[in-house]
Amino acid sequence: ATGTVPPRDLEGVRVVVSAGGTREPLDPVRYLGNRSSGKQGYALARIAAQRGAEVTMVAAHTVALPPPAGVHEVHVSTARQLGEAVRSAAAGADVVVMAAAVADFRPATTAEAKIKKSDDTPDPTITLDRNPDILAGLVRDRRPGQVVVGFAAETGDASGSVLDHARAKLRRKGCDLLVVNAVGEGRAFETEDNAGWLLRADGAERPIPLGSKSQLAIAVWDAVAELRAR
Ligand code: CTP
Ligand code: CA
């Protein structure tokens with residue numbers, strides 16, 4: 001709540017937070033992107049710094065946001081650049097939080113000159129290549145004791161509920177904590193609010209009440225501090 005002093009329970013803890021949405025270039029003026037605002041990653045970075053952490057934030061594209069106080073910022077554009085920056089920062093980190101919206105695919109080729117339309121040639125088709133899974137790589141190369149946190153935005157569908165999909169993703173990704181946003185009905189993207197679950201690798205599950213991105217960030221750092229205290 002406003003006016004309360006944040007705890008200093010992350011004093012000296014080295015954390016890396018990724019934020020925002022990557023852009024994958026098609027040509028010098030066009031890209032494939034996503035609707036991530038970056039607000040959640042910025043809130044995570046800001047609150048970790050308030051709680052005493054040494055924070056590196058690797059930010060892709062975001063809406064205009066005030067720089068989080070006391071945070072070292074690295075700015076990138078593509079998924080591959082974000083992967084490089086996160087990997088190198090993670091090598092000296094105690095906690096890594098992947099809040100960025102990373103493009104799963106990129107155009108297989110990037111045209112050096114602007115793509116033109118023409119009446120004499122067929123309209124182009126975009127072929128996509130898969131981007132590396134940064135989170136999976138972090139889990140694979142995890143340092144002893146390092147806490148790795150993933151984010152997932154899920155909707156329910158015919159094959160399962162939000163929680164079913166989220167539990168399967170936690171197992172697939174192998175991270176210590178998965179922050180699940182229930183999306184749909186205009187929630188989460190380009191809004192101030194989130195609601196979902198915190199799923200822990202040991203099976204502990206906690207609902208996240210509808211609240212601000214700052215409140216969600218507080219809940220994530222509470223869960224990280226708890227994991228580190230074990
Ligand atoms: N992520 C990542 N690298 C990628 C894609 C995703 O590190 N190439 C991270 C995201 O930052 C997030 C987590 O993985 O923390 C889950 O992302 P999500 O898109 O939900 O998972 P995917 O495995 O890409 O599954 P889906 O097919 O549902 O998109
Ligand atoms: Ca994805």
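Author: Let's start with D104, which sits in the loop between β6 (95-98) and β7 (105-107). Strands here are DSSP runs of E with at least two residues, helices are runs of H or I with at least four, and both are numbered from the N terminus. Before going on: this is a predicted model, where local features need pLDDT of at least 70 and side-chain atom pairs count only at pLDDT 80 or more, while totals for chains, interfaces and linings use all residues. Residues are numbered from 1 along each chain as its sequence is written, chains are lettered from A and ligands numbered from 1 in the order written, and side-chain values use heavy atoms, leaving out hydrogens and water.

Back to D104: two OD entries of this residue are the protein donors of the calcium ion (ligand 2), 2.4 to 2.5 Å from it. Donors are N, O and S atoms within 2.8 Å of the metal (3.2 Å for Na, K and Ca), and water is not among the atoms, so sites may look incomplete.

Now for ligand 1. Around it are 13 residues, and M98, A100, L135, K169 and K173 come nearest; being "around" takes a heavy atom within 4 Å. By type, this shell has eight nonpolar, one polar and four charged residues (nonpolar: Ala, Val, Leu, Ile, Met, Phe, Trp, Tyr, Cys and Pro; charged: Asp, Glu, Lys and Arg; polar: the others, Gly among them). β9 gives the largest share, three residues. Backbone atoms also approach oxygen atoms of ligand 1: an N or O of A100 lies 2.9 Å from one, and an N or O of L135 lies 2.8 Å from one.

Notes:
Polar contact = N/O pair within 3.5 Å; in protein donor to acceptor, adjacent residues only side chain to side chain.
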